[in-house]
Amino acid sequence: QVQLVESGGGLVQPGGSLRLSCAASGSIFSIYDMGWYRQAPGKQRELVAVITSGGTTNYVDSVKGRFTISRDNPKNTVYLQMNSLKPEDTAVYYCNADLRRNDYLRNTYWGQGTQVTVSS
């Protein structure tokens, strides 16, 4: 079994910062790409940021210069540092991992989601 557990969401004022964490655990052989997605009410889920096992990153245009994705490979953990938050960043944030289990089956796994609300 594999689990992704997120933490760090909450309520923050515009211009504030939050740091999300997502730890993968279980029968994991290797993790490839890890990413963060978000889904606002009434909207489709969108990719926010992704990081490869080698550390290459990519961001959606709307968060470039404000958000930073990073990962700690020995801890199987991915982070999303969010600065200069805007009300339009309000959404449920999900982490995602493309990984191979110890039985060599490769699949994509999702966290349960964490709410981020940006409001004064």
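Guide: A residue is called buried when its relative accessible area is under 20%, exposed when over 50%, and partly exposed in between, with a 1.4 Å probe and protein chains only. This is a predicted model, in which local features need pLDDT of at least 70 and side-chain atom pairs count only at pLDDT 80 or more, while totals for chains, interfaces and linings use all residues. Residues are numbered from 1 along each chain as its sequence is written, and side-chain values use heavy atoms, with hydrogens and water left out.

Visitor: Are cysteine 22 and cysteine 95 buried or exposed?

Guide: Both cysteine 22 and cysteine 95 are buried.

Visitor: Which residues touch the most other members of the largest nonpolar core?

Guide: A nonpolar core is a set of buried Ala, Val, Leu, Ile, Met, Phe, Trp, Tyr and Cys residues joined through side-chain atoms within 4.5 Å. The largest one has 31 residues, and Trp36, Leu80, Met82 and Tyr93 touch the most other members. Several strands each supply at least two residues of this core, including S1 (2-7), S5 (46-51) and S8 (77-82). The largest share, 5 residues, comes from S9.

Visitor: What does leucine 80 touch?

Guide: Contact means heavy atoms within 4.5 Å. Not counting residues up to four places away in sequence, the contacts of leucine 80 include Trp36, Val48, Phe67 and Tyr93.

Visitor: How many aromatic pairs are there?

Guide: Rings of Phe, Tyr and Trp (its six-membered ring) pair if their centres lie within 6.5 Å; planes under 30 degrees apart count as stacked, over 60 as edge-to-face and the rest as tilted. This rule gives 2 aromatic pairs. One of them, phenylalanine 29 with tyrosine 104, is tilted, at 5.1 Å centre to centre and 55° between the planes. Phenylalanine 29 is partly exposed, at 47% relative accessible area, and tyrosine 104 is exposed, at 52%.

Conventions: Helices (H or I, at least four residues) and strands (E, at least two) are DSSP runs, numbered from the N terminus.
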